[in-house]
Amino acid sequence: MRRLDGGLGQVHRIVLMLASVWWMVAVSVTPAAAHGGGTPQVVDAPAGPYRLFAWTTPDPWRAGEVAHITVAVTRVDAAGQVFPIANAQVMIRLTSETQPEQTLTLPAQPVSAVATGFYELDHKFPGDGLWRIEVEARGAEGVGVVAFTMAVEPAASAPWLLWAGATLAAVVIAFGLWQAARRRATQVVARRTAQPSLPIKG
């Protein structure tokens, strides 16, 4: 029975290992909604009285999944000092290159009171293709606009199919190992039972 217990313990460890692998796979296919940072699209671009920066995540963007845009609004004074603009109104206009009538204008929200001058937007793109991203920053000093183009990839296959496949594989492997452990334990018990008892010497 020790062999059986050992086999079941081994199965338990393997199931935990497979569960860990399944979790890492699930996390890797989950769309990232990282707040701040990402791929730089606009770097220190002059826009009216401002200097604008923009980053995007994830890479690539996919239709139907959340895309994240982070914008930094700064200004350079006469002494060449750069400082963030905390009270800007940042609007982001999304326009499909293939369907120009498909245009959305959305406000970017301040990241936090600590991250002064940073603004962000999360949005799900309804379709793939090329999209023009226009960033407008408006404040007391004036208005500045920059733009860049992003390629939105077609929607990925449903992640739950991968999760289901990984879970099914883990169950099948665990069941097979459990069955093998039971067979080995049964064979050991059968051999011990079949062995003749040694005579007891007086």
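To count as a salt bridge, a side-chain nitrogen of Lys or Arg has to sit within 4 Å of a carboxyl oxygen of Asp or Glu.

Keep in mind that this is a predicted model, where local features need pLDDT of at least 70 and side-chain atom pairs count only at pLDDT 80 or more, while totals for chains, interfaces and linings use all residues. Residues are numbered from 1 along each chain as its sequence is written, and side-chain values use heavy atoms, leaving out hydrogens and water.

## A linked trio

Now over to Arg-93, whose side chain meets that of Glu-134 in a salt bridge of 2.4 Å, N to O. This pair ties together distant parts of the chain, with Arg-93 in strand 6 (residues 89-96) and Glu-134 in strand 9 (residues 129-139), 41 residues apart. Strands here are DSSP runs (E, at least two residues), numbered from the N terminus.

Glu-134 also pairs up with Arg-132, their closest N and O atoms being 3.4 Å apart. That puts Arg-93, Arg-132 and Glu-134 in a network of salt bridges. Glu-134 counts as buried at 19% relative accessibility, whereas Arg-93 is partly exposed at 28% and Arg-132 is partly exposed at 38%.

## The overall count

The structure holds four salt bridges.

Conventions. Helix = DSSP H or I, 4+ residues; strand = E, 2+ residues; numbered from the N terminus. Buried < 20%, exposed > 50% of the residue type's maximum accessible area, 1.4 Å probe, protein only.
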